[in-house]
Amino acid sequence: NPQIMLPAACCTRFLSIVGFYLVKNVNSPMLYVVSIWMVLGTLMETVCTDAIMFRNCNRQLRGIVNGVGYGIGYLGQFIFSLLGGWLYDEQGPKAPFFLCGLCDFILMVVMLGLVAMGTITNDLQEKADAERLGKENKA
């Protein structure tokens, strides 16, 4: 259910970034917990965005949209890596995590806004299920 999962994924990542920021000892077992929490949030975000994209995309364009989406994602990773390295050098080791947390918080607010406006719904999935059931009943 994208109305719940995508904002939850953004919230999970945001909380993990805050956790990174709060951990004082880099050898702490809590750092492992926060790292796993962040990976789970990242996986949830990826799965949810892919599911929404494929539900709403024309079959003939799915490959192109997927390629462009991942290309933009890799460009974003490159830019944020450079920016994070610069922030680390200029502001200290916690600054890149603060930037990521801020971006995830903004994304979470945007996702909640889209859900509240009804932009992200299950209508397309319900329509696809109804069409599939209709085809199965005819066969």
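Student: What should I know about the model before we start?

Tutor: The model is predicted: local features need pLDDT of at least 70 and side-chain atom pairs count only at pLDDT 80 or more, while totals for chains, interfaces and linings use all residues. Residues are numbered from 1 along each chain as its sequence is written, and side-chain values use heavy atoms, with hydrogens and water left out.

Student: Is Ser 16 buried or exposed?

Tutor: Buried means under 20% relative accessible area, exposed over 50%, and partly exposed in between, with a 1.4 Å probe and protein chains only. Ser 16 has a relative accessible area of 1%, so Ser 16 is buried. Ser 16 sits in helix H1 (residues 2-22); helices are DSSP runs of H or I, at least four residues, numbered from the N terminus.

Student: Which residues does Ser 16 touch?

Tutor: Contact means heavy atoms within 4.5 Å. Leaving aside residues up to four places away in sequence, Ser 16 touches Val 34, Trp 37 and Met 38.

Student: How do I check the span of helix H2?

Tutor: The expected span is 1.5 Å times one less than the number of residues. Helix H2 (residues 29-56) has 28 residues and should span 40 Å; its end C-alpha atoms are 41 Å apart, which agrees.

Student: Which residues of H2 are buried?

Tutor: An α-helix has 3.6 residues a turn, so residues three or four places apart point the same way. The buried residues of H2 include Leu 31, Val 34, Met 38, Gly 41 and Glu 45.

Student: How do H3 and H4 cross?

Tutor: Two packed helices are described by the angle between their axes and the distance between the axes. The axes of H3 (residues 62-91) and H4 (residues 95-117) come within 7 Å and cross at roughly 135 degrees. Axes are lines fitted to C-alpha atoms, for helices over the stretch in contact, and angles run from 0 to 180 degrees between N-to-C directions. H3 and H4 are therefore oblique, as angles under 35 degrees count as roughly parallel, over 145 as roughly antiparallel, 65 to 115 as roughly perpendicular and the rest as oblique.

Methods
Helix = DSSP H or I, 4+ residues; strand = E, 2+ residues; numbered from the N terminus.
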